[in-house]
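Thanks for coming. I would like to walk through one model with you, so please have the viewer open.

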Amino acid sequence: MKPILVTLAVAGLVAGAVHAAKAADGKEIYAKKCAMCHGAGKKAGDLLASKLSHADFTKYTKDPKSMNPKSTMPSFKGTDEELNAVVEYSMGMKK
Ligand code: HEC
């Protein structure tokens, strides 16, 4: 195999792995930090039914009181990457 092809193959594998890890994170974070309130049949409801835009959903997750002063939801603590992953998972953009 020519070196350029090897490089491309390795880059493809790395990109695929990073992608998979991110999707898995969202699911894991949701299970740990959201499902106890937003899981099926729970009081806070299923987030898939939310009509918020991606930007507002992210804002709500990060700082619920900025969107709803009466919110009883705790604000999300984590990195922006984790926030993004959990938002995408919660909105049903990633499984
Ligand atoms: C302690 C319970 C609790 C936890 C944990 C929790 N939520 Fe919530 N969430 C609520 C409640 C209750 C509401 C309804 C209004 C309010 O009080 O903010 C809500 C509302 C929301 C909304 C607004 C939906 C809409 O359409 O108005 C979003 C978005 C949301 N939660 C995302 C999340 C995400 C993502 C997580 C996990 C990182 C999470 N929540 C964790 C209780 C919780």
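Two remarks on conventions before that. This is a predicted model, in which local features need pLDDT of at least 70 and side-chain atom pairs count only at pLDDT 80 or more, while totals for chains, interfaces and linings use all residues. Residue numbers start from 1 along each chain, as its sequence is written.

Overall fold. The chain has five helices and zero strands, and from the N terminus on its elements read α-α-α-α-α. Helices here are DSSP runs of H or I with at least four residues, strands are runs of E with at least two, and both are numbered from the N terminus. Of the 95 residues in the chain, 12% count as buried. Buried means that 20 or more other C-beta atoms lie within 10 Å of the residue's own, exposed means 12 or fewer, and partly exposed is in between, with C-beta atoms placed from the backbone. As for contacts, two residues make one if their C-beta atoms, placed from the backbone, lie within 7 Å. Among contacts in the chain with a separation of 6 or more, 55% are accounted for by residues 24 or more positions apart.

Now the helix pair. How do the axes of H3 and H5 cross? Helix H3 covers residues 54-62 and helix H5 residues 80-90; their axes come within 10 Å and cross at roughly 120°. That angle makes H3 oblique to H5. The axes are lines fitted to C-alpha atoms, for helices over the stretch in contact, and the angles run from 0 to 180 degrees between N-to-C directions. Under 35 degrees counts as roughly parallel, over 145 as roughly antiparallel, 65 to 115 as roughly perpendicular, and the rest as oblique.

On the H3 side, the contact consists of Phe57, Thr58, Thr61 and Lys62, which meet Leu83, Val86 and Val87 of H5. By class, that contact of H3 with H5 has four nonpolar, two polar and one charged residues. The classes are: nonpolar for Ala, Val, Leu, Ile, Met, Phe, Trp, Tyr, Cys and Pro; charged for Asp, Glu, Lys and Arg; polar for the others, Gly among them.

Staying with H5, its buried residues are Ala85, Val86, Val87, Tyr89 and Ser90. After H5 comes Gly92, with a positive phi near 80°.

Next, single residues. Ile29 is in helix H1 and is buried, because 20 other C-beta atoms lie within 10 Å. Not counting residues up to four places away in sequence, Ile29 touches Gly78, Glu82, Ala85 and Val86. Ile29 and Ser90 are 61 residues apart in sequence, and their C-alpha atoms are 9.8 Å apart in space.

Lys27 is placed in helix H1 as well. With 16 other C-beta atoms within 10 Å, Lys27 is partly exposed. Its C-alpha atom is separated by 8.1 Å from that of Ser90, 63 residues away along the chain.

Cys34 sits in the loop between helix H1 (3-33) and helix H2 (35-38). Cys34 is buried, with 20 other C-beta atoms within 10 Å. Leaving aside neighbours within four places in sequence, Cys34 is in contact with Val86 and Ser90.

Which residues come nearest to the ligand? Of the 22 around it, they are Cys34, Cys37, Ala44, Ser50 and Ser71. H2, H3 and H5 are the elements that give two or more residues to this shell. A residue is near a molecule if its C-beta atom, placed from the backbone, lies within 6 Å of it. By class, the shell has 13 nonpolar, seven polar and two charged residues.
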